[in-house]
Amino acid sequence: MTPSSPSQGFGSTMPGYGPRSGFMSGLFGGLIGAGLGGLLLGHGFFGGMMGFGGFLGFLLQIFLIVLVVRFLIRLFRGQTPAFAGGPNIFARGGPPGPRPMGGLGGPAGPPPIQIGPQDYQEFEQLLQSIQAAWSRHDLNGLRAMTTPEMLGYFGEQLSEQASRGMRNEVTDVRLLQGDLSQAWSEGNREYATVAMRFSMIDVTRDGYGRVVDGDPNEHVTATELWTFVRAPGGRWILSAIQQAR
């Protein structure tokens, strides 16, 4: 979306208006015109003292005409004399309101949601429980904590391990840091993406229980983006995992 050009602020010079006063220009123009007319008629520059009262009435008429003309000019330009040149926040192109977080909800972005301490505790518990179910090759346990898409992904990985006669075990999982990356709602679902940095013991064993990859006595650290989903008021389950860059 391309924002409209901002409205002019106080102190800006409007097109067609210079620093001089239009009223003073009209007043002096009237004085000069009246003086020239008096000279041509032989009454002097101001028409003599006897005509001074009539001349004041003439000046008053000029003053009123100038005011009316200036008012009409500004009115037709969409301004009132009291606010000429000022900003109009109610017009199109005024200051925009706060934008929601971007994501999957269309051009304006989906509305954000609030994440509290209880949600973070649930995310940490899911991290540890999912890793434990993975290590046990427990598809039923994973089914209760993941979406069908993630369950299918885990199932494929566990099947590949079984066909190779291997088992990956992730134990002693400790969450070191969890930072909320994004939280939003879409339809009747709520989503939260959390950057998780955690340590663990990650080893792979063969069919005889021998370690073929990793060190059972050394913790390794990983950082991943875990996306969770829930129905409003429901419990969180895992929706996606992405490696942090």
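Trainee: Which residues are buried in H5?

Mentor: In H5, the buried residues are Met150, Leu151, Phe154, Gly155, Leu158 and Gln161. Around the axis they span an arc of only 135°, so they sit on the same side of H5. The arc is taken from the directions between the helix axis and the C-beta atoms. This is a predicted model, in which local features need pLDDT of at least 70 and side-chain atom pairs count only at pLDDT 80 or more, while totals for chains, interfaces and linings use all residues. Residues are numbered from 1 along each chain as its sequence is written, and side-chain values use heavy atoms, with hydrogens and water left out.

Trainee: What makes a residue buried, exposed or partly exposed?

Mentor: Relative accessible area decides: under 20% is buried, over 50% is exposed, and partly exposed is in between (1.4 Å probe, protein chains only).

Trainee: Which exposed residues does the face of H5 turned away from its buried side carry?

Mentor: That face carries Pro148, Glu149, Glu156, Ser163 and Arg164, which are exposed.

Trainee: How do you know that the span of H5 agrees with its number of residues?

Mentor: The expected span is 1.5 Å times one less than the number of residues. H5 has 17 residues and should span 24 Å; its end C-alpha atoms are 25 Å apart, so the two agree. After H5 comes glycine 165, with a positive phi near 75°.

Trainee: What should the 20 residues of helix H3 span, and how far apart are its end C-alpha atoms?

Mentor: H3 (residues 117-136) should span 28 Å, and its end C-alpha atoms are 29 Å apart, which agrees. Just after H3, histidine 137 has a positive phi of about 60°. The buried residues of H3 include Phe123, Leu126, Ile130 and Trp134. Among the elements that cover the buried residues of H3 are helix H5 (148-164), strand E1 (167-186) and strand E2 (189-205).

Trainee: What makes a run of residues a helix or a strand, and how many of each are there in the protein chain?

Mentor: Both are DSSP runs numbered from the N terminus: helices are H or I with at least four residues, strands are E with at least two. The protein chain has 5 helices and 5 strands. From the N terminus on, the order is α-α-α-α-α-β-β-β-β-β.

Trainee: Why is the pair of aspartate 119 and arginine 230 called a salt bridge?

Mentor: The term requires a side-chain nitrogen of Lys or Arg within 4 Å of a carboxyl oxygen of Asp or Glu. The closest N and O atoms of aspartate 119 and arginine 230 are 3.2 Å apart, so the pair qualifies. Aspartate 119 is in helix H3 and arginine 230 in strand E4, so the pair ties together parts 111 residues apart in sequence. Side chains of opposite charge can pair when their charged atoms come close.

Trainee: Why do aspartate 119 and arginine 230 count as buried?

Mentor: Aspartate 119 has 10% relative accessibility, so it counts as buried. Arginine 230 has 15%, so it counts as buried too.

Trainee: What salt bridge do the side chains of arginine 230 and glutamate 190 meet in, N to O?

Mentor: The salt bridge between arginine 230 and glutamate 190 has an N to O distance of 2.9 Å. This pair links strand E4 to strand E2, 40 residues apart. Shared partners join Asp119, Glu190 and Arg230 into one network of salt bridges. The whole structure holds 6 salt bridges.

Trainee: What makes arginine 205 and glutamate 169 a salt bridge?

Mentor: Their closest N and O atoms are 3.2 Å apart. Arginine 205 is in strand E2 and glutamate 169 in strand E1, so the pair ties together parts 36 residues apart in sequence. At 24% relative accessibility, arginine 205 counts as partly exposed; glutamate 169, at 23%, is also partly exposed.

Trainee: Is threonine 227 buried or exposed?

Mentor: Threonine 227 has a relative accessible area of 14%, so it is buried. It lies in strand E4 (residues 220-230). Leaving aside neighbours within four places in sequence, the residues in contact with threonine 227 (heavy atoms within 4.5 Å) include Tyr191, Thr193, Ile237 and Ser239.

Trainee: What share of the 245 residues of the protein chain count as buried?

Mentor: Of the 245 residues, 27% count as buried.
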